[in-house]
Amino acid sequence: GHFKSAESAVCQPIADPSYQLIAFLFLLSKIWEWGDTIFLIFSDREVRWVHFLHHATTFWMYAANHQFTSSSKWGVLVNA
């Protein structure tokens, strides 16, 4: 499996198409988070800097990370 050793957990990509779909849908969910942030801004609610920064950067991080399937599994697992 992918988590038998540190090397396989970090370096071995997950080639399963179902995982690739899940990772892609997770990437798309980050766009939904932009809507959440925009709603808060237009509702004159407080948007903390860390909230804004998180939602402004996670899509781009996962878009780049989606190209490197060995490391994308960690992003999805940690941020899910």
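This is a short tour of a predicted protein model, one selection at a time.

Before you start, note that residues are numbered from 1 along each chain as its sequence is written. Local features here need pLDDT of at least 70, side-chain atom pairs count only at pLDDT 80 or more, totals for chains, interfaces and linings use all residues, and side-chain values use heavy atoms, leaving out hydrogens and water.

**Stop 1: the whole chain.** Show the protein chain as a cartoon. It has 4 helices and 0 strands. Helices (H or I, at least four residues) and strands (E, at least two) are DSSP runs, numbered from the N terminus. Along the sequence the pattern reads α-α-α-α. Of the 80 residues, 28% count as buried, meaning under 20% relative accessible area with a 1.4 Å probe, protein chains only.

**Stop 2: helix H2.** Select residues 17-42. H2 has 26 residues and spans 39 Å from its first C-alpha to its last. That is close to the expected 38 Å, where the expected span is 1.5 Å times one less than the number of residues. Colour its buried residues: Tyr-19, Ala-23, Phe-26, Leu-27, Lys-30, Glu-33, Thr-37 and Leu-40. Now step just past H2 to Asp-44, which takes a positive phi of about 55 degrees.

**Stop 3: helix H3.** Select residues 49-65. These 17 residues reach 23 Å from first C-alpha to last, close to the 24 Å expected. Centre on Thr-57, where H3 has a kink of about 30 degrees. The bend at a residue is the angle between axes fitted to the seven residues ending there and the seven starting there. Buried in H3 are His-55, Thr-58, Phe-59, Tyr-62 and Asn-65.

**Stop 4: H2 against H3.** Show both helices together. Their axes lie 9 Å apart, at an angle of about 160 degrees. Axes are lines fitted to C-alpha atoms over the stretch in contact, and angles run from 0 to 180 degrees between N-to-C directions. H2 and H3 are therefore roughly antiparallel, a label for angles over 145 degrees. Several residues meet here, including Phe-26, Trp-34 and Leu-40 from H2, and Phe-52, His-55 and Trp-60 from H3.

**Stop 5: Leu-27.** Which residues does Leu-27 contact, leaving aside its neighbours within four places in sequence? They are Phe-59, Tyr-62 and Ala-63. Contact means heavy atoms within 4.5 Å. Leu-27 counts as buried because its relative accessibility is 7%. Finally, pick the C-alpha atoms of Leu-27 and Ala-63: they are 6.7 Å apart, though the residues sit 36 places apart along the chain.

Methods: Buried < 20%, exposed > 50% of the residue type's maximum accessible area, 1.4 Å probe, protein only. Parallel < 35°, antiparallel > 145°, perpendicular 65-115°, else oblique.
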